[in-house]
Amino acid sequence: MSRSDGIFGSRERICVGLLSGTSADAIDAAVVSVSGAAETAQLKLLAFVTFPIPPEIRHELFLLFDQAEGALPRLCTLNVILGELFAQAAQLACQEAGVPLEQVFVIGSHGQTVWHQPDPDPTLSIKAAGTLQIGNPAVIALRTGVPVISSFRDADLAVGGQGAPLVPYFDWVALRHPERSRAVQNLGGIGNVTYLPANCTLAEVFAFDTGPGTMVLDGLVSLLTAGQASFDQDGLLAAAGRVDHALLTQLLHDDFLDRPPPKTTGRERYGLPFARQLLAQAGLSEGVLSTTAASPLHWQQACDLLATATAFTAHAIAQAYQRWLPLDDLDEVIVSGGGARNPTLLRFLQDLLAPIPVRVSDAVGIDAKAKEAMAFALLAHDAYLGLPTNVPRATGARQAVVLGSLTPPRQQPYDPARRFHDVDTP
């Protein structure tokens, strides 16, 4: 009997996972039933909802990302407002699941990343890595009456890690296979891969960021359409374009791609300034696709640029596998995240990785849209039970630690023993 079986038993606990991705257009919320813990955990998705972020709030977020004037007041205000929206997303997801909030064991909220700095800022005289996610957990706890685990990255940073990637723990729990070695590729704003050798222990899990996922694509579409669209729906624009191989070669000469793991990245490298630079290099103006009057030439140039950006993501992933993963022992690639719904990106990736099969995670029982939200439900569940949930080989941390900070709901006296209130005795 494993430690997680003997101490924590197999009783089902209902948990909620929340996050907002790099596009900042919605909050993903998953209601998950968890039985067992760590390597014995069994997960069942009860409901998944996408809760839209109002356009005016999204606009303010992007002003914050761009460090526009008034960044500090905007940061403070958005921290509270996002807390309210995250609480509403949790409430809606529980309604969809038919689960009263009183029955929820814990909420895991990743929040909205506004800055991720895995390496010290060279412009500062004092040196430290850091990261910042907003969405006030006290607001979520008070509105829902449920304990909230948040700030998942901080403890890993405190022991020398990069605070990311966080999802490899979920990948190990939910997607390891007794006989097949898998690469689990997330295609969120940033791409990251988890390598799961057949029948692996957590100590054998290896993960790192591969480079851009959909962030460059989303940024280009948003700029080209003046915000009327936030992503390339079904990859149709890129499918209508031609890859500029000279530009692609230039993009692949990227020092982040050459850096060995552990490594993480984010908006600070591949955000809107990066997309604006590509637009300028292509001779395109912002908003060129925002009206039906766009010329055929501009339309084709935009499609070509999106095709090249899509190829950049796929090639960055394929090169990462060739450099850092044992390709000869890789049986399959499992893809999830928003990019998994982009057929053009998947086709590029399948062509580059052939003959290794590339499958969307739905085919192995994990909803590709809901996976990251499910991950934060599991991370919160196991953190609340006092279990370490980082993966040192992924983050570079010196040791395994419990990830997340607990915010109890003030409506009820806080009992530190509550985390074990429904735990089976050995």
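Here is a chat about how some labels in this predicted model follow from their cut-offs.

User: Before we start, what should I know about the numbering and the model?

Analyst: Residues count from 1 along each chain as its sequence is written, and side-chain values use heavy atoms, with hydrogens and water left out. The model is predicted, so local features need pLDDT of at least 70 and side-chain atom pairs pLDDT 80 or more, while totals for chains, interfaces and linings use all residues.

User: Why is the contact of arginine 259 and aspartate 119 called a salt bridge?

Analyst: The term asks for a side-chain nitrogen of Lys or Arg within 4 Å of a carboxyl oxygen of Asp or Glu. Here the N to O distance is 3.3 Å, so the pair qualifies. The structure holds 14 salt bridges.

User: What makes this pair a tie between parts of the chain?

Analyst: Arginine 259 sits in the loop between α10 (255-258) and α11 (267-270), and aspartate 119 in the loop between β4 (104-117) and β5 (130-134), so the pair ties together parts 140 residues apart in sequence. Those element names come from DSSP runs, numbered from the N terminus: helices are H or I with at least four residues, strands are E with at least two.

User: What makes strand β2 largely enclosed?

Analyst: Nine of the 10 residues of β2 (residues 26-35) are buried, so the rest of the structure largely encloses this strand.

User: How do you know that β2 pairs with β1 and β3?

Analyst: Strands pair if DSSP finds at least two bridges between them. β1 (residues 12-20) and β2 share nine bridges in the antiparallel sense, and 10 bridges join β2 to β3 (residues 42-52), also antiparallel. Both counts meet the cut-off, so both are pairs.

User: Why is the pair of phenylalanine 206 and phenylalanine 208 called tilted?

Analyst: Rings of Phe, Tyr and Trp (its six-membered ring) pair if their centres lie within 6.5 Å; planes under 30 degrees apart are stacked, over 60 edge-to-face, and the rest tilted. These two have centres 5.5 Å apart and planes at 50 degrees, so tilted is the word.

User: And what makes phenylalanine 256 and tyrosine 270 edge-to-face?

Analyst: Their centres are 6.4 Å apart and their planes 80 degrees, so they pair, and the angle falls in the edge-to-face range. Phenylalanine 256 lies in helix α10 and tyrosine 270 in helix α11, so the pair ties together parts 14 residues apart in sequence. Ring pairs also link both to Phe274 and Phe312 in a cluster.

User: How do you know that lysine 263 sits over the ring of phenylalanine 256?

Analyst: A charge counts as over a ring if NZ of Lys or CZ of Arg is within 6 Å of the ring centre and within 35 degrees of the ring normal. The charged end of lysine 263 is 4.7 Å from the centre of that ring. Arginine 176 lies over the face of tryptophan 172, 5.0 Å from the ring centre.

Notes: Buried < 20%, exposed > 50% of the residue type's maximum accessible area, 1.4 Å probe, protein only.
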